[in-house]
Amino acid sequence: MNILDLINAMPGVFAQGLIWGITAIGIYITYRILDFADLTVDGSLCTGGAVCIMMMLSGYNVFISMLAATGAGMLTGLATGLFHTFMGIDPILSGILSQLALWSVNLMIMGKANQAISVDKYSLLVSLRYIKDVPVYKNTILVVAVCVVLLVLILYWFFGTEFGCAIRATGCNGDMARAQGINTNFTKVVALMISNGLVGLSGALLAQYQGFSDVNMGRGAIVIGLAAVIIGEAVFGKIFRNFGLKLIGVALGSIIYYIVIQIVIWLGAPTNSLKLFTAVIVAIFLAIPYWKEKYFTKPAVKKGGGGHA
Amino acid sequence: MLEIRNVTKIFNPGTVNEKLALDNFSLTLEAGDFVTVIGGNGAGKSTMMNAIAGVWSVDAGQIIIDGEDVTKLSEHKRAKYLGRVFQDPMTGTAADMGIEENLALAKRRGRGRFLRSGITQKEREEYRELLKILGLGLEERLTSKVGLLSGGQRQALTLLMATLQKPKLLLLDEHTAALDPKTAAKVLETTEYIVNKDNLTTLMITHNMKDAIAHGNRLIMLMDGKIILDIRGEEKKRLTVEDLLHKFEAASGEEFANDKAILG
């Protein structure tokens, strides 16, 4: 239990947390803005990683590969969106169906369960090896941080546009959105595509970072992402009111999550128990608003004349 | 302006809960008509509204708005013709969005939504002026979240949103029912003002007979998915609650059993 071990691990933790932060931002879009618990994420994260690694192994440039990974992620969102809107399947089940299907799709993309890529032979954008002793512009933390800021700026602009507002209205009140002439099926599908596109991009970065894509790499991604969203809101909710800052808060929440996990590992917790730990933490955080309402609110005062109108 | 032709709607067909909500229902509104709609629970008032708005498809018949057959159009496509205010103040607005953002969403009803700015500076000024009509001080709170407003404020805002783009038809579905009497009167007054100002064709459901008599140029009463009373013109102007009760008894063969509607 040498504190130096923990401190030495921190830069890597930051990088990993930021990369997952992009997934968390994707989840924020579905879970918070669209009000759609989208479980596609567990599959689409790996899809992004798999597409990126396989394209790079076939000689494509890293940026083209990452763009393709984003596109592949968007297609997974399209699938979930169509399950829900065109086939009338409930949101959770739509995501589970995509997730299950993607298991096979990901194996098909990779040809086997795991595909490694060597940082020495390919020019990766991010890597475990680019944390220390590299020129600043190559430093993974900086590269991912710039990615996050750019993405947040784009999303900030997008959700202020007419179409972005239509997506927000859809998530907030579907009846109202339709009454205002918004095709809520279309907005839902587009939001799911944007969200999973981000998750795919995050998977592409993660696969490069760890030097391989693995069919299991997305397992529990939705819960980790939710943890980041919840931590980000709990810690920064009071100070970050602006939409762009909220997204930054979510990415920071992801970093905090990985710091906590690292501390738990450092304290000697068996790594096998980490997912259990995460699930319990997320469950408790999700329960807090419910408990607050149930046990800590005074009986609501009835308004006005109650039906005499 | 509106023509409902022989529309039938059956809920839960083939089950014990089968309900004939609209029974070969027909109604025609001329441009500028302000029709008030009354009737007991389950008479088909809201079903009629939802049929016009396209919340679901009807089993038979046609709905024509300003000469266009909209029977097969989905809800969001019909929205360009319709302004709607709902009974539940929560339904008509997006609580997590600002007052100005809600208005901007309504401003774009019936237009394409692309990657232009969701709200412009010019619009903000316009909304500030417009909100003054309501006399609720909302013009000073443009960026406040609508979720922070009271039910009456939300209904007044919804009314403004429904009429921001002049609708071919304004649908008011018991839009004052959830409000306290004072607020309800205020919202109704605003309704009257806006409808007159823009000369809107309006269909207003109410469970208050006095309101139904005091407003509009025509009154219809529904029962079992049919129109059982249709009073307009001079006769409507002279109408009293007592007359209405007698007419109801004569038309339906039973006594009017809803105290709330009588006492208002």
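In the predicted model, buried residues account for 52% of the 309 residues of chain A. The chain contains eleven helices and two strands, and their order along the sequence is α-α-α-α-β-α-α-α-α-β-α-α-α. The radius of gyration of chain A is 20 Å, close to the 19 Å given by the globule rule for 309 residues, so the chain is as compact as a globular protein of that length. Along the principal axes, the C-alpha atoms of chain A occupy a box of roughly 75 × 45 × 35 Å.

Helix H6 of chain A is mostly covered, with ten of its eleven residues buried. Among these buried residues are Glu162(A), Phe163(A), Cys165(A), Ile167(A) and Arg168(A). The buried residues of H6(A) pack against H1, H5, helix H7 (174–179) and helix H8 (184–210) of chain A, and also against H3 of chain B. One of the buried residues of H6(A), Glu162(A), belongs to a network of salt bridges that also includes Arg108(B), Arg116(B) and Glu123(B).

Elsewhere in chain A, Ala68(A) is located in helix H3 (residues 62–85). This residue has a relative accessibility of 26% and therefore counts as partly exposed. When residues up to four places away in sequence are not counted, Ala68(A) touches Val51(A) and Met55(A). Ala68(A) and Leu201(A) are separated by 133 residues in sequence, whereas their C-alpha atoms are 8.7 Å apart in space.

The largest pocket of the model has a volume of about 1,600 Å³. Its lining comprises 42 residues, of which Tyr28(A), Arg241(A), Lys246(A), Asp96(B) and Lys145(B) are the closest to the centre of the pocket. At least two lining residues are supplied by each of the following helices of chain A: H1 (3–33), H5 (140–158), H6 (162–172), H9 (221–236), H10 (243–266) and H11 (274–296). Helix H3 (99–107) of chain B likewise supplies at least two residues of the lining. By class, the lining consists of 19 nonpolar, ten polar and 13 charged residues.

Side chains of opposite charge can pair when their charged atoms come close. Over all chains, a search of the whole structure finds 21 salt bridges. One of these joins Lys168(B) to Asp66(B), with 2.9 Å between the closest N and O atoms. This pair links distant parts of the chain, 102 residues apart: Lys168(B) is in the loop between helix H5 (151–164) and strand S7 (169–173) of chain B, and Asp66(B) is in the loop between strand S4 (60–65) and strand S5 (68–69) of chain B. Lys168(B) is partly exposed, at 31% relative accessibility, and Asp66(B) is also partly exposed, at 39%.

A second salt bridge in chain B connects Asp230(B) and Arg218(B), with the closest N and O atoms 2.7 Å apart. Asp230(B) lies in strand S10 (residues 226–232) and Arg218(B) in strand S9 (residues 218–223) of chain B, so this pair ties together parts that are twelve residues apart in sequence. Asp230(B) is partly exposed, with a relative accessible area of 31%, whereas Arg218(B) is buried, with a relative accessible area of 4%.

A further salt bridge is formed within a helix. The side chains of Glu129(B) and Lys132(B) meet at an N to O distance of 3.2 Å. Both residues lie in helix H4 (residues 121–132) of chain B, three residues apart, or about one turn of the helix. An α-helix has 3.6 residues a turn, so residues three or four places apart point the same way. Lys132(B) counts as partly exposed because its relative accessibility is 43%.

Backbone angles were also examined. Most residues other than glycine have a negative phi. Asp133(A), although not a glycine, has a positive phi of about 60°. Asp133(A) is placed in the loop between strand S1 (114–116) and H5 of chain A, and it is exposed, with a relative accessible area of 82%. In chain B, Asp224(B) likewise has a positive phi, near 50°. Asp224(B) is found in the loop between S9 and S10 of chain B.

Methods: Residues are numbered from 1 along each chain as its sequence is written. Chains are lettered from A and ligands numbered from 1 in the order in which they are written. This is a predicted model: local features need pLDDT of at least 70, side-chain atom pairs count only at pLDDT 80 or more; totals for chains, interfaces and linings use all residues. Side-chain values use heavy atoms; hydrogens and water are left out. On a 1 Å grid over the protein atoms alone, a cavity is a set of points where a 1.4 Å probe fits but cannot get out, and a pocket is an open set with protein on both sides within 12 Å along at least five of seven lines; lining residues have an atom within 4 Å of a point. Grid points are joined across faces, edges and corners, and a volume is the space filled by probe spheres set on the points. Helices (H or I, at least four residues) and strands (E, at least two) are DSSP runs, numbered from the N terminus. Ala, Val, Leu, Ile, Met, Phe, Trp, Tyr, Cys and Pro count as nonpolar, Asp, Glu, Lys and Arg as charged, and the others, Gly among them, as polar. A salt bridge is a side-chain nitrogen of Lys or Arg within 4 Å of a carboxyl oxygen of Asp or Glu. Buried means under 20% relative accessible area, exposed over 50%, partly exposed in between (1.4 Å probe, protein chains only). The radius of gyration is taken over C-alpha atoms; the globule rule is 2.2 Å times the number of residues to the power 0.38. Contact means heavy atoms within 4.5 Å.
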